[in-house]
Amino acid sequence: MPLPICIEFGGGAELLFGKVKTHEVNLPDKEASWTIKDLLTWMKDNMLKERPELFIQGETVRPGILVLVNDADWELMGELAYNIQENDRIVFISTLHGG
Amino acid sequence: MRRRMMRRLLRVCAVCLKEFLGCFQVYVTHKFRAAIGKTKLVRDGEKVLVGISGGPSSCALLHLIQEGLSQRAHKKLRFKPGLIFIDEGQVVGQSLEEHKVTLTRIHSLLRQSGFPYHLCQLADSLDLERVKTLNACQSNHSAVNKINQSAMDINTCSNPVEGDKGDVEISGQDENCCDLIEMNREAEKLFAAQLGSIRSISGKEDFVRALRHRLLLEFARQHGYSKVMLGNTGSQLAVRLLTDISTGRGMQAALETAFADRRNTDMMFLRPLRDFSSKEIAMYNNLHRLECVFIPSLTTMGDVGASIEHLTEAFVTGLQAEYPSTVSNIMRTGEKLDSSSAVDLESHCALCQGPLDTDVGMSSALAALRFSLEISTMGKTNGERCIKGDNSVNNTNDELCSNGVNYDAKVECCGKSDGSCRSSTQLSVPDEGLVLQTLCYGCRIVAMEMDDVNSLPEFVMKDVAWRNRRSVMKAEIQDFLLDDR
């Protein structure tokens with residue numbers, strides 16, 4: 001069954017996603033559980049409007065973009081390996097000058 | 001050590017988010033207070049101008065100041081803040097619509113703060129005289145205020161909760177906010193032309209930064225502020241430090257990143273957030289749900305190598321991701337740098353107010369650069385001199401230089417031989433070399449990029465003319481001067 005989550009952008013990262021700050025999305029059905037790593041790939045294919053290299057570098061996010069899972073730093077949650085739960089709020093904040 | 005503690009703090013607190021938020025709040029507040037308290041630079045009741053760009057760090061700064069001044073704070077901060085927003089929408093060519101949205105949001109942000117605030121435009125810095133008149137009419141406002149209200153409201157707009165008077169003023173400010181764009185059309189046009197004539201983005205960024213600094217300085221002076229507080233975070237300053245070094249501003253690197261910037265004797269620029277990383281600030285804003293305004297910059301959505309600063313930022317943040325102590329290492333190293341600050345007015349750069357770093361020996365890189373520049377433009381220069389007929393082609397470079405200066409000095413002297421040129425009101429156009437002489441190395445690069453050096457802001461040209469008159473006068477009375485030694 002689909003997994004509803006809330007994705008937010010801040011600090012200029014929203015420019016890459018059609019200038020919309022809050023996205024309510026349903027992640028499609030998947031056999032294994034969703035991790036942040038899967039989410040990033042999915043976002044790259046489905047949400048990212050332009051300049052993917054400004055958001056994603058390799059498998060992870062570009063340095064300088066802060067990822068918060070339910071208000072906690074993703075480094076505490078296991079980074080890419082974190083299993084996304086239902087109704088999680090995932091925030092991407094660019095701390096770079098000018099977004 | 002502190003970092004390790006913070007790590008442990010984070011891990012412990014992650015167990016319970018609420019506890020974590022509490023810890024984090026205490027940690028941030030403590031660090032902010034310590035930065036201000038430790039240096040003992042801000043005195044009780046001092047008027048401090050706080051530069052607010054609307055971005056994450058200035059939002060956090062504003063919030064921290066509000067918290068610190070509120071009654072519930074443990075040890076209250078005791079200075080009197082005034083806020084200033086400098087509108088730079090024009091730099092990035094924002095559309096009118098976007099611009100208005102930004103301005104409205106900034107305006108509501110500033111109004112909600114309850115502190116006196118000002119809105120002005122970057123283009124104002126080109127015409128400081130105009131700023132004066134603009135300020136004068138605003139301070140008339142405040143003069144009335146002063147009589148009617150308590151001593152605290154010395155500024156254009158006052159706290160909204162203070163009743164009728166405040167409301168009236170705010171509506172006035174509202175108009176002001178919308179009129180802001182119309183008000184300075186001329187300066188705006190001039191500014192656009194100047195900015196457009198600078199070729200590289202790095203140069204533009206430098207230019208904008210110099211103007212912003214100058215405007216803050218002038219504004220603070222005229223409104224009786226004795227300090228300016230800026231919201232630069234440690235991460236930004238680490239980038240600044242490396243950028244300054246790579247753009248030939250090594251002399252200023254220490255000033256630009258220190259807690260207190262004392263390049264101007266009468267005004268101090270403070271950076272109380274310099275011990276914070278951008279990440280901490282972002283966490284803080286998220287924690288307090290602070291809505292910051294996104295202000296695009298010249299390099300927004302640009303390539304990594306769009307400007308030197310942008311490239312440096314990518315380098316530092318990339319390194320920081322792998323080695324978390326990168327920023328603090330850069331900052332600690334930067335603290336050890338020191339450039340002797342000159343007290344003499346004439347040894348400051350006319351554009352960025354930094355110390356002049358161009359008075360170097362014969363065998364320096366700068367001299368070599370100057371020499372090769374002279375050699376490569378020799379043909380042209382000699383041609384001109386020949387037409388004027390006051391130089392032979394065989395003159396050495398040194399003679400060429402000195403003759404050039406003398407020639408210009410005559411032009412500056414408004415034609416009177418009695419040395420009354422000090423009273424001359426007309427601003428004649430100084431020679432390119434003369435202008436460059438008053439600039440530091442970094443600003444010279446920017447000035448050389450412009451189509452015409454003489455299109456530099458008015459305050460620079462005035463400074464150039466002033467210095468020139470002074471040097472001419474000094475040469476005239478040289479024989480009567482007593483030697484210090």
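Chain B has 19 helices and 6 strands. Keep in mind that this is a predicted model. Of the 485 residues of chain B, 38% count as buried. Now the contacts in chain B with a separation of 6 or more. Residues 24 or more positions apart account for 73% of them.

Next, the domains. The assignment for chain B gives two: domain 1 covers 42-339, and domain 2 covers 365-480. How many residues of each are in contact with the other? Domain 1 of chain B brings 20 residues, and domain 2 of chain B brings 13. On the domain 1 side, two elements give two or more residues: helix 7 (185-197) and helix 8 of chain B. Helix 8 of chain B gives the most to that side, with 6 residues. By class, the domain 1 side divides into 8 nonpolar, 7 polar and 5 charged residues.

Let's go inside. The largest nonpolar core holds 102 residues. Which of them touch the most other members? The list is A:Val67, B:Leu49, B:Val50, B:Ile84, B:Val228, B:Leu351 and B:Cys443. Helix 8 turns up again here. Spanning residues 201-222 of chain B, helix 8 gives the most to this core, with 9 residues. The core also draws at least three residues from each of domain 1 and domain 2 of chain B.

Take one residue from that list, B:Ile84. Leave out residues up to four places away in sequence, and B:Ile84 touches B:Leu49, B:Gly51, B:Ile52, B:Tyr117, B:His118, B:Cys120, B:Leu216 and B:Phe219. There is also a second, separate core of 9 residues. Among its members are B:Leu241, B:Ala253, B:Val327 and B:Ile330.

On to the contact between the chains. Chain A puts in 19 residues and chain B puts in 20. On the chain A side, the elements that give two or more residues are strand 5 (65-69) and strand 7 (89-94). That side of chain A has 10 nonpolar, 7 polar and 2 charged residues.

So where do those strands sit in chain A? They belong to an open sheet of 5 strands, in the order 2-1-7-5-6, with mixed pairing. Strand 2 (22-27) and strand 6 (72-73) of chain A are at the edges. Each has a single partner strand, so one side of each has no neighbour in the sheet.

Let me stay with strand 5 of chain A. Is strand 5 buried or exposed? Buried: 5 of its 5 residues are, so strand 5 is largely enclosed by the rest of the structure. Both of its faces are covered. A:Ile65, A:Val67 and A:Val69 are on one side, with A:Leu66 and A:Leu68 on the other. Recall that A:Val67 is on the list of core members with the most contacts to other members.

Now the partners of strand 5. With strand 7 of chain A, strand 5 pairs in the antiparallel sense over 5 bridges. A:Leu66 stands opposite A:Ile93 in strand 7 of chain A. A:Val69 has A:Ile90 as its bridge partner, also in strand 7 of chain A.

Strand 6 of chain A runs antiparallel to strand 5 of chain A as well, with 2 bridges joining them. In that pair, A:Leu68 has A:Asp73 as its bridge partner. Strands 5 and 6 of chain A form a hairpin, with 2 residues between them. One thing to look for in the turn: A:Asn70 has a positive phi of about 45°.

Note on methods:
Residues numbered from 1 in each chain as written. Chains lettered and ligands numbered in written order. Predicted model: local features only at pLDDT ≥ 70, side-chain atom pairs only at ≥ 80, totals over all residues. Contact = placed C-beta atoms within 7 Å. Helix = DSSP H or I, 4+ residues; strand = E, 2+ residues; numbered from the N terminus. Nonpolar A, V, L, I, M, F, W, Y, C, P; charged D, E, K, R; others polar. Core = buried A, V, L, I, M, F, W, Y, C linked by C-beta atoms within 7 Å. Buried ≥ 20, exposed ≤ 12 C-beta atoms within 10 Å, placed from the backbone. Domains from an automatic or database assignment. Pairing = 2+ DSSP bridges.
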